[in-house]
Amino acid sequence: MSQDLSNQVLQSNPEPQSNPQLQLPTSDEGQPKGRNGGGPSAIVTWDPEQYLRYADERQRPFWDLVGQIRTETTRNVVDLGCGPGTATAGLRHRWPEAEILGIDNSEVMISRALDALADELASPTPLVDSDETHARPALTFLNEDITTWKPAPASLDVILSNSALHWVPRHTDLFATWLAALRPGGTLAFQVPGNFNAPSHTLLAELATSPGWRPKLAAVPSIVEAHEPADYYRALNGLASTVDIWETTYYHCLEGDDPVLEWVRGSALRPYLERLGAADAIAFTDAYRRALRLAYPAEESGKTLFAFRRIFVVAST
Ligand SMILES: C[S@@+](CC[C@H](N)C(=O)[O-])C[C@H]1O[C@@H](n2cnc3c(N)ncnc32)[C@H](O)[C@@H]1O
């Protein structure tokens, strides 16, 4: 089912739509604009299906993060950079009484989330449980940029973000506004990758800056802006009453041929391929594939181990 994004807000709880922010500013390229008229996040066109190829692995840190949120009364939850909305929708099991809003500046990601929600609404299967008396939790998706989203003070209980803030330049500048948007006892919780020194990223950067590719890929900006745990602590200390930070390295056991390439195809590789014509994109991908095969050889089992470090932050008011 395709979705007309002129009607970008759809709620699983069929009440009047409360957020009228339906129109996105666009850059010259027709992409959503970031705070500065187009940061790295604004120039990536996402492919929900490719991204969801590793949905289980990508959602695991989401639930590890949610598991550490201790806010007791949770009425309003916002998921920043919600992507295809799969994990966001699952939050209804965690907070069945809450209104949940997913925000993303990618039209295709929000379209995917809206399609899934529309299919669900059309299904006779209950959304969360079979208790007819249980109020349907509201789920809403909004095509909006994280940097232009302006939450009202003391209006939310949980703001969370999984694997999105590294696409948002200077996101630590937004923490004060977000914490002010929380009610007492509220929580800001986010996870960002901490694997930018891993071969999956360093090989990509080395290839893109090699003499053969540099002329065509020099315009690709430094893709991400993620920080180390101590930086996040310093950014949040004084704004939050408690700050809990940890890191986890997941060892994903991936199946199939060139699984690390397929993983990165859904995220970090995208800004590079978008700048290349079809033939160059194939040649660049082939060179990257060869490098990845050496860095991530298949185990005897046929599976490939993909180590992925992630940083988690949970700050409460
Ligand atoms: C790696 S995906 C994560 C999706 C989802 N949170 C998950 O865990 O599956 C990153 C998402 O962040 C979104 N994003 C990046 N920069 C953004 C921004 N400035 N405003 C809103 N969304 C943004 C992208 O469009 C993309 O859907």
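L80 stands opposite I103, a residue of strand β2. Strand β2 (residues 99-104) runs parallel to β1 (residues 76-80), and 5 bridges join the two. Two strands count as paired if DSSP finds at least two bridges between them. Helices (H or I, at least four residues) and strands (E, at least two) are DSSP runs, numbered from the N terminus.

Before going further, a word on the model. It is predicted, so local features need pLDDT of at least 70 and side-chain atom pairs count only at pLDDT 80 or more, while totals for chains, interfaces and linings use all residues. Residues are numbered from 1 along each chain as its sequence is written.

**The sheet**

Let us step back to the whole protein, which has 11 helices and 7 strands. The 7 strands form an open sheet with mixed pairing, in the order β3-β2-β1-β4-β5-β7-β6.

β5 is mostly covered, with 9 of its 12 residues buried. A residue is buried if 20 or more other C-beta atoms lie within 10 Å of its own, exposed if 12 or fewer, and partly exposed in between, with C-beta atoms placed from the backbone.

**The cores**

A nonpolar core is a set of buried Ala, Val, Leu, Ile, Met, Phe, Trp, Tyr and Cys residues joined through C-beta atoms within 7 Å. The largest one has 52 residues, and I159, L188, A189 and V313 touch the most other members. Leaving aside residues up to four places away in sequence, V313 touches A189, F190, Y232 and I245. A second, separate core has 17 residues, including W213, L217, V260 and Y272.

Contact means that the C-beta atoms of two residues, placed from the backbone, lie within 7 Å.

| Helix | Buried residues | Packs against |
|---|---|---|
| α2 (residues 55-66) | R58, P61, F62, L65 and V66 | α3 (86-94), β4 (156-162), β5 (182-193) and β7 (304-316) |
| α8 (residues 229-236) | Y232, A235 and L236 | α5 (175-180), β6 and β7 |

Where do the buried residues of α8 fall, seen down its axis? They lie within an arc of 90°, so they line one face of the helix. The arc is that of the directions from the helix axis to the C-beta atoms. On the face turned away from the buried side, α8 carries the exposed residues A230 and R234. After α8 comes G238, whose phi is positive, near 100°.

The buried residues R58, P61, F62, L65 and V66 belong to α2. Viewed along the axis of α2, its buried residues fall within an arc of 145°, so they too line one face. An α-helix has 3.6 residues a turn, so residues three or four places apart point the same way.

**A residue of α3**

R94 is found in helix α3. R94 counts as partly exposed because it has 16 C-beta neighbours inside 10 Å. From C-alpha to C-alpha, R94 and V66 are 8.5 Å apart in space, and they are 28 residues apart in sequence.
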